[in-house]
Amino acid sequence: MKIIEVKERTTLLLSQLLVVWEDSVKATHLFLSNEEIDKIKEYVPQALSSISNLIVMLNYEDIPVAFMGIENQKLEMLFVKNSERGKGIGKQLLNYGIENYNVSELAVNEQNPQAKSFYEHMGFKVYQRNELDNQGNPYPVLYMRL
């Protein structure tokens with residue numbers, strides 16, 4: 001496995017990351033319906049294209065298995081393919097972000113307790129809670145700081 005910092009966001013790479021995103025979301029965001037996931041999925045390529053720092057974990061065949069996006073010391077996204085969860089990949093990526101980009105903040109869906117526990121394990125603590133997500137949907141968001 002290796003971590004790469006993406007400079008060129010090709011159509012192929014974006015489609016590979018979309019597969020990772022959808023697989024991860026379906027495994028961890030159990031509060032979302034398939035219709036809601038499909039609706040959100042439409043915006044993912046734009047988010048991947050516009051994030052300042054896109055970091056990808058490749059497997060031994062150079063296929064993406066996880067990625068994160070960082071903006072101004074804030075972790076904006078971190079997704080690990082479901083089949084790769086529990087292998088330390090998220091920890092490696094987050095540590096890379098902390099060490100190389102001074103990541104010190106993030107937001108996580110309250111209804112994703114595994115992610116919240118992971119971030120707490122990594123040293124993050126909740127400092128704020130919003131009843132609605134950024135799109136105004138009734139999915140509480142927890143804001144965390146290192």
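Trainee: Which residues of α1 are buried?

Mentor: Buried means under 20% relative accessible area. In this predicted model, the buried residues of α1 are Leu13, Leu14, Leu17, Leu18, Val20, Trp21, Glu22, Ser24, Val25 and Thr28.

Trainee: How many residues does helix α1 have, and what does α1 reach from its first C-alpha to its last?

Mentor: Compare the span with the one expected at 1.5 Å a residue. Helix α1, residues 11-28, has 18 residues and reaches 26 Å, close to the expected 26 Å.

Trainee: Is strand β2 mostly covered or mostly uncovered?

Mentor: Mostly covered: of the 6 residues in β2 (53-58), 5 are buried.

Trainee: Which strands do bridges join to β2?

Mentor: Look at the bridges on each side. Strand β1 (residues 2-5) is joined to β2 by 4 bridges, and the two run antiparallel. Strand β3 (residues 64-71) is joined to β2 by 6 bridges, also antiparallel. Leu58 of β2 takes part in both pairings: Lys2 is bridged to Leu58, and Leu58 has Pro64 as its bridge partner in β3.

Trainee: What do β2 and β3 form, and how many residues lie between them?

Mentor: They form a hairpin with 5 residues between the strands. In the turn, Asp62 has a positive phi of about 60°.

Notes
Residues are numbered from 1 along each chain as its sequence is written. This is a predicted model: local features need pLDDT of at least 70, side-chain atom pairs count only at pLDDT 80 or more; totals for chains, interfaces and linings use all residues. Side-chain values use heavy atoms; hydrogens and water are left out. Buried means under 20% relative accessible area, exposed over 50%, partly exposed in between (1.4 Å probe, protein chains only). Two strands pair if DSSP finds at least two bridges between them. The expected span of a helix is 1.5 Å times one less than its number of residues.
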